[in-house]
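Please look over the model below before reading the notes. The points are brief and can be checked against the coordinates.

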Amino acid sequence: MSVAMAEAEEQVLQGSWNRDLSNALESSSCELETMQNVIQDRDLPTEQRVKMWKIALNVAGKGDSLASWDGILDLPEQNLIHDKCQQLIDQLQAAEDEALSLLADVESVITFYCKSRNITFMENLGWPDLVKPLLCLRLPRSDLYNCFYAIMSKYIPRDCIRNGRPFHLFRLLLQYHEPELCSYLDTKKITPDSYSLRWLGSLFASCSSPEVTQAMWDVYFQQADPFLIFFLMLIILVNAKESILTQEYNSKEDLINILETSPAHLEVEDIEDLFALAHYYYSKTPLSLRKDNQNLFGSSLVALKDEDMDLSQALCLPISVPEILQANQQLADGVRFFVVDCRPAEQYNAGHLSTAFHLDSDLMLQNPTEFALSVKTLLEAQKQSIESGSIASGEHLCFMGSGREEEDMYMNMVLAHFLQKNKEYVSICKGGFMALQQHLADINVDGPDNVYVHWIVSTSGSRGSISSSADSESLNSLVDGKGVKSLVNKMTFALKSKSVNVKERVISFIENTSTPVDRISFNLPWPEKMIPDRHVSSSDRVGKPYRGVKPVFSIGDEEEYDTDEIDSSSMSDDDRKEIVNIQTWINKPDVKHHIPCNEVKETGHMFPSHLLVTATHMYCLREIPSRKGFAYIQSRQALNSVVKITSKKKHPELITFKYGNSSASGVEVLAVERYLIPNAGEATKAIKQQIVKVLDALES
């Protein structure tokens, strides 16, 4: 009886969802955000998918772009285009009449695109594969072209060819997060374009099933962020890392083939977690990756500029000066930099970024012993500055040179040293100290109200040579007030004096660079709180789920995963949730355990949160970004309703709680919640022990 009732309720919810979606898509004012709130990552029927993609690609209601074309197929490479299109149609196994019609559509779309854009079609381009998911929607030729054009313009990067700029950028991203894997592939002389050209050129359509591709595009088009593809590619490699590093391969070609076909293991149920992990890595990546490479995407016919940095020659990810200055100014979590000034001592002493740690790169060859001591001090200082909340703190190392190539040779050797040690989050300041000086001059740093006025100092605490009109006395006072002058003096003394104990130097360095913060602080070693408003609206729809479960991302994992997950949100909109003081709730006498974490939604978005465990219940408090120290009560679950707690093999910090009813006929899952929890083993152990106590009490 309960099963029948559940099925009836599911049918009611399905019908409600279909009506909501149809009404939203039929609305003349339907926007992407409204559509996201209704869809909530649910599988779309073909008819609704067509409408959603056209809205997301901004081609709904667009006219027939091919109307003025004469339809002549006469490009020099026409035979190649025809053959590639024929191969695509053969894969569809359509009836003969339909196959001929589809072939004419695809060949016309690709030919007209080449003619209108003055592009030569080449064999390794993934365009026919890119059309494949669109053909499954049975679009008219005009809509087929409009969607293809929109995808090519917005989501396929320029220079998506062998040795192209997008693949050099991806290698830097891989090196930033997975230096060991990047180094291994480098030693095998396997470049990203050798295995991911078809990934990027077809948005995975060439190596994934049509069902998986459509499910992936459903989410990808809603996110509307072309750079997200790089992070999806990264997650594919991260999940293949263990097998890549541990297995023996007969040849380089065998390894490339395994890499190239790895997305084929994806299933529709994996897409949610694929995007969740992609968003996590995105949040741990400097914004410069996107801001400095915006011209990779877009419909402009203008090619990449000659003055754009040659990423193939970049030692590591370049970071812009504005991002370095702004990152550590903000109290909000995100990427923060520990800046390492590698210029010679005399240049550093003359003027430097006030929060920079000095590591004289000349020592690497002149005095290796002192260099090794300095590196040890640097890493210890970085660690303790993070723990203390110093304004100079950051888990991301950014190396700064002079900006003159001939002078930065030794700095490049220092960079290579850190990279060889497989140190993650290593970057370089683009343009070096010269770019810093120029930037501060451009923004008129000498203005009395400028927040950067204290950022350039000398070892005596005086201002660097941006302007000679600065009042040294008042400036020194300002610097001392920030703790920066003492920071620089103590670091310089520490690195010059071998007799000072490393630990004492670091403690002194930290104490003099800590900034008192009048706020509640929850420091999470991994993962850090993510930017709460990325692709998220305050009007996110919550309530009873529209659809049931999806398993977790488990490519290559040997553990068992459940497939009965449903969305657990049972709260109303944020403005109707109860708002509480976080510290007050943590201090309640009945709270036995407090677990800082990130709540993970089905969309992949994460929200800084706190799990509070009492004798009988578990509460989730979601932090309010605009109200420091306050949170919404996101959920309240009885401990005796927990039917399963699962974790992920490759990401054990991702914990899933399932709530429901257990009976002789089985387990009925009513709600699912997922969290990223640092030290998840200890946290889940404490929760399980409390659950056992509750169940024992109920039995007695």
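1. Basis. This is a predicted model, in which local features need pLDDT of at least 70, side-chain atom pairs count only at pLDDT 80 or more, and totals for chains, interfaces and linings use all residues. Residues are numbered from 1 along each chain as its sequence is written, and side-chain values use heavy atoms, with hydrogens and water left out.

2. Overall figures. The protein has 26 helices and 15 strands; helices (H or I, at least four residues) and strands (E, at least two) are DSSP runs, numbered from the N terminus. Of its 700 residues, 53% count as buried, where buried means under 20% relative accessible area, exposed over 50%, and partly exposed in between (1.4 Å probe, protein chains only). The exposed surface comes to about 31,300 Å², and carbon and sulfur atoms supply 49% of it; accessible areas come from the Shrake-Rupley method with a 1.4 Å probe, and for residues only the protein chains shown count as cover. Among contacts (heavy atoms within 4.5 Å) between residues at least 6 apart in sequence, 70% join residues at least 24 apart.

3. Nonpolar cores. A nonpolar core is a set of buried Ala, Val, Leu, Ile, Met, Phe, Trp, Tyr and Cys residues joined through side-chain atoms within 4.5 Å. The largest one holds 125 residues, of which Leu185, Tyr195, Leu203, Trp217, Phe221 and Phe230 touch the most other members. Helix H12 (residues 228–246) contributes the most to this core, with 13 residues. A second, separate core of 20 residues includes Ala381, Phe418, Val426 and Ile428.

4. Leu203. Apart from neighbours within four places in sequence, the contacts of Leu203 include Leu130, Ile151, Tyr155, Trp217, Phe221 and Ile229. Arg198 and Thr213 are also among the residues that Leu203 contacts.

5. The sheet. An open sheet is formed by 8 strands in the order E8-E12-E11-E10-E9-E15-E14-E13, with antiparallel pairing; two strands pair if DSSP finds at least two bridges between them. Its edge strands, E8 (579–581) and E13 (642–647), each pair on one side only. On average, neighbouring strands are turned by 40 degrees against each other, direction ignored.

6. Pairing within the sheet. Strands E14 (residues 654–663) and E15 (residues 666–676) are antiparallel over 10 bridges and form a hairpin with 2 residues between them. Tyr659 stands opposite Ala671 in E15, and Thr656 has Arg674 of E15 as its bridge partner. E9 and E15 also run antiparallel, joined by 3 bridges, with Asn598 opposite Leu676 in E15.

7. Helix lengths. The expected span of a helix is 1.5 Å times one less than its number of residues. For H14 (residues 271–283), 13 residues should span 18 Å, and the end C-alpha atoms are 18 Å apart, which agrees. H14 is mostly covered, as 13 of its 13 residues are buried. For H5 (residues 96–117), 22 residues should span 32 Å, and the end C-alpha atoms are 32 Å apart, which agrees. Just after H5, Asn118 takes a positive phi of about 55 degrees.

8. Cys429. Is Cys429 buried or exposed? Cys429 is buried, with a relative accessible area of 5%, and lies in strand E6 (residues 426–429). Not counting residues up to four places away in sequence, Cys429 touches Ile319, Val321, Ile324, Cys398, Phe399 and Met400. Gly403 is 26 residues from Cys429 in sequence and 8.8 Å away in space, C-alpha to C-alpha.

Definitions and conventions:
Axes fitted to C-alpha atoms, helices over the stretch in contact; angles between N-to-C directions.
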